[in-house]
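Here is a short briefing for a reader new to this structure. Look at the sequence and the model first, then read on.

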Amino acid sequence: EYYTLFVDPFSDHGVDTAASCHIDGHPYGQTLVEFRDFLKQADIGKFKDNTENEDSLVIMLDVMVTLIEEHEKRGKNTTALQEILLQKFLLPMTTLFSARLHENPVARFYGGCADLLTAYLDLEKGLFVQ
């Protein structure tokens, strides 16, 4: 299922993990531009050998982990950046990503995984309520 959904370039059931594909409807869209600006603001870079777009789900989740670690271990206040990442990028992307997986007849397992991720991020949203 993983290979069919996320790796095989010839699959009729492939699902892109880039936020711009889901939010903008095409890769390399405005969401990618805005996320790159966000990364500059957060002073977070990407390893050069990583071939995924910056707005891929994996990269965005890694950025959230990095922001949390900087907040907890280095005493840097990243709360505002975490909230921007969650509200502007992760929640919209995962909601659309989950819907796309549920429309896909091959995504039985990963549709459930996307539901879990979406529910978890929705809980995270509660941490930022003022």
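The lining of the largest pocket has 15 nonpolar, 2 polar and 3 charged residues. Here Ala, Val, Leu, Ile, Met, Phe, Trp, Tyr, Cys and Pro count as nonpolar, Asp, Glu, Lys and Arg as charged, and the others, Gly among them, as polar. This is a predicted model: local features need pLDDT of at least 70, side-chain atom pairs count only at pLDDT 80 or more, and totals for chains, interfaces and linings use all residues. Residues are numbered from 1 along each chain as its sequence is written, and side-chain values use heavy atoms, with hydrogens and water left out.

**The largest pocket**

- The volume of the largest pocket is about 390 Å³. A volume is the space filled by probe spheres set on grid points, which are joined across faces, edges and corners.
- A pocket is an open set of points on a 1 Å grid over the protein atoms alone, where a 1.4 Å probe fits, with protein on both sides within 12 Å along at least five of seven lines; lining residues have an atom within 4 Å of a point.
- The lining counts 20 residues, and Tyr2, Phe6, Val15, Thr17 and Phe97 lie nearest the centre of the pocket.
- Helix H1 (2-7), helix H4 (57-73), H5 and helix H6 (108-125) are the elements that give two or more residues to this lining. Helices are DSSP runs (H or I, at least four residues), numbered from the N terminus.

**Aromatic pairs**

- The whole structure holds 8 aromatic pairs. Rings of Phe, Tyr and Trp (its six-membered ring) pair if their centres lie within 6.5 Å; planes under 30 degrees apart count as stacked, over 60 as edge-to-face and the rest as tilted.
- One of them joins phenylalanine 35 and phenylalanine 89 edge-to-face, at 5.0 Å centre to centre and 80° between the planes.
- Phenylalanine 35 sits in helix H3 (residues 30-42) and phenylalanine 89 in helix H5 (residues 79-103), so this pair ties together parts that are 54 residues apart in sequence.
- Phenylalanine 35 is buried, at 0% relative accessible area, and phenylalanine 89 is buried at 2%. Buried means under 20% relative accessible area, exposed over 50%, and partly exposed in between (1.4 Å probe, protein chains only).
- The rings of phenylalanine 38 and phenylalanine 89 are tilted, because their planes are at 55°, with centres 5.8 Å apart.
- Phenylalanine 38 is in helix H3 and phenylalanine 89 in helix H5, so this pair links parts 51 residues apart in sequence. Phenylalanine 38 is buried, at 3% relative accessibility.
- Ring pairs also link Tyr2, Phe6, Phe97, Phe109 and Tyr110 into a cluster.

**Helix H5**

- H5 has 25 residues and spans 34 Å from its first C-alpha to its last, close to the 36 Å expected at 1.5 Å a residue. The expected span is 1.5 Å times one less than the number of residues.
- A kink of about 40° is centred on leucine 86 in H5. The bend at a residue is the angle between axes fitted to the seven residues ending there and the seven starting there.
- Buried residues of H5 include Leu81, Leu85, Leu86, Phe89 and Phe97.

**Loop residues with positive phi**

- Most residues other than glycine have a negative phi.
- Tyrosine 28 is not a glycine, yet has a positive phi of about 60°. Tyrosine 28 lies in the loop between helix H2 (19-23) and H3, and is exposed at 58% relative accessibility.
- Aspartate 43, also not a glycine, has a positive phi of about 60°. Aspartate 43 is in the loop between H3 and H4, and is exposed at 64% relative accessibility.
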